[in-house]
Each structure stands twice: as C-alpha cells, then as structure tokens.
Amino acid sequence: MAQKAVETKKKVVKDLKDKIEQSNIIVLSDYRGVSVKQITELRKALHKNGAGYKIVKNSLIKRAAEAAGFQGLDEHLAGPTALLIGNEDPVEPLKNLVEFVKDNEKGEIKVGIFEKAIVDKKAISEIAKLPSREVLLAKVVGGFQAPICGLVNTLAGTIRKLVYALNAVKEKKVSR
C-alpha cells in the first residue's frame with residue numbers, strides 16, 4: 001500500500017515537472033478562505049485562456065520545481081498552495097488571478113515563474129496590467145502599417161498634383 005502511494009507521488013511530481021517545463025507562466029498562490037465554488041469559477045475563467053489552477057502539496061511542488069531547475073521557492077511553500085499553470089498567452093490568466101484575489105479579498109499571490117524566471121508578486125501585478133497578446137500584435141502591425149500608409153498617401157498626392165498640372169495645361173490649350 002505504501003509503495004503505491006510512493007509511486008503515485010512520483011507520477012504527480014513527474015507530471016508537474018513536465019508542466020512547469022512546458023509552461024510560460026506559473027503562479028503560486030495561497031487559497032485560504034476561498035470557497036470551492038469560487039475556485040471552480042476561477043478555474044473556468046482560466047481554462048478559457050489556456051491555463052489551469054491546481055492544488056498541490058508543497059513538498060511535491062518543491063520536488064517538481066527543483067527537478068525543472070527552479071531553486072529558491074522554499075520560502076513561498078508554506079501554507080496551502082495552488083498553482084496557476086499557463087501554456088498560451090501569459091497575461092490573460094494573470095489578469096484573471098489578480099482580479100480574482102482583488103475581488104474576493106481572499107487568497108494571496110505568493111510568487112511566479114514567468115518565461116523561466118522567478119518573479120515576485122509585485123512583478124506579477126505589473127505583468128497583469130499589460131495588454132493581451134492580440135492587442136500587442138495589433139499595435140505592432142499598426143506600427144508597420146503606418147509608414148506604408150504615409151508613403152502611399154505621399155505618392156498619391158504627388159500623382160494627384162501631376163494630374164492637376166496636366167489638366168491645367170490641357171485646359172489652357174483647349175481655351176486658345
């Protein structure tokens with residue numbers, strides 16, 4: 001029986017290590033005072049943004065994080081801990097979690113791993129303020145498009161002036 005529990009824990013650690021290595025955002029949070037219904041609502045919102053929220057024992061998180069190459073999380077692994085794990089756009093799940101903590105006035109963000117670097121809760125709050133990936137891409141495309149539109153307008157203006165000049169010459173010759 002004890003051997004089966006050990007094997008189960010090893011599997012959980014391996015799965016968690018794989019998720020940590022593949023994700024671009026991980027946030028450790030304290031979920032004290034948060035009801036099961038509230039956590040379920042948070043999970044639904046996170047799932048829409050390609051993220052999950054999982055409650056895991058601190059010892060298993062520590063083993064998985066160390067196996068994935070992240071040291072220094074020990075001080076944050078006290079009390080009940082849940083993991084937000086995201087594989088897609090990292091900003092939207094962070095916004096969901098930050099808003100959830102703010103709105104419910106329960107729970108707390110402890111620390112995160114963003115793009116393979118450990119970040120504190122202040123940095124997580126700042127990252128959550130960023131626009132979504134789609135908005136940033138639209139701004140980049142707009143930035144590329146603006147000079148091209150300016151060039152087209154400039155060239156069109158030059159051609160328009162040439163047409164006006166040719167029309168004026170034509171009118172002058174016709175009137176003679």
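In which sense do strand β1 (residues 25-30) and β3 pair, and over how many bridges? The two strands pair in the antiparallel sense, over 5 bridges. Two strands are taken to pair if DSSP finds at least two bridges between them. Helices (H or I, at least four residues) and strands (E, at least two) are DSSP runs, numbered from the N terminus.

The model is predicted: local features need pLDDT of at least 70 and side-chain atom pairs count only at pLDDT 80 or more, while totals for chains, interfaces and linings use all residues. Residues are numbered from 1 along each chain as its sequence is written, and side-chain values use heavy atoms, with hydrogens and water left out.

**The sheet**

An open sheet is formed by 5 strands in the order β2-β3-β1-β4-β5, with antiparallel pairing. Its edge strands, each pairing on one side only, are β2 (51-55) and β5 (117-120). From one strand to the next the twist averages 20°; axes are lines fitted to C-alpha atoms, for helices over the stretch in contact, and angles run from 0 to 180 degrees between N-to-C directions. Strands of a sheet pair through backbone hydrogen bonds, either parallel or antiparallel. The pairings of this sheet are listed below.

| Strand pair | Sense | Bridges | Residues opposite each other |
| β1 and β3 | antiparallel | 5 bridges | I25 and G86 |
| β4 and β5 | antiparallel | 4 bridges | G112 and V119 |

Buried means under 20% relative accessible area, exposed over 50%, and partly exposed in between (1.4 Å probe, protein chains only). In a regular strand the side chains alternate between the two faces of the sheet. Both faces of β3 are covered, with A82, L84 and G86 buried on one side and L83 and I85 buried on the other.

Strand β4 (residues 108-114) is mostly covered, with 5 of its 7 residues buried. The hairpin of β4 and β5 has 2 residues between the strands, and E115 takes a positive phi near 50° there.

**The helix pair α4 and α5**

The axes of helix α4 (residues 91-104) and helix α5 (residues 121-128) come within 8 Å and cross at roughly 115°. The two helices are therefore roughly perpendicular, a class that covers 65 to 115 degrees, whereas angles under 35 count as roughly parallel, over 145 as roughly antiparallel and the rest as oblique. The crossing of α4 and α5 is left-handed, that is, the near helix is turned anticlockwise from the far one by less than a right angle.

On the α4 side the contact (heavy atoms within 4.5 Å) is made by V91, L94, K95 and V98, and on the α5 side by I124, I127 and A128. By class, this contact has 6 nonpolar, no polar and 1 charged residues. Ala, Val, Leu, Ile, Met, Phe, Trp, Tyr, Cys and Pro count as nonpolar, Asp, Glu, Lys and Arg as charged, and the others, Gly among them, as polar.

**Residues in other helices**

S59 lies in helix α3 (residues 58-67) and counts as partly exposed because its relative accessibility is 39%. The C-alpha atoms of S59 and D89 are separated by 28 Å, with the two residues 30 residues apart along the chain.

Helix α6 (residues 133-175) contains L155, which counts as partly exposed at 47% relative accessibility. L155 and D74, 81 residues apart along the chain, have their C-alpha atoms separated by 63 Å.
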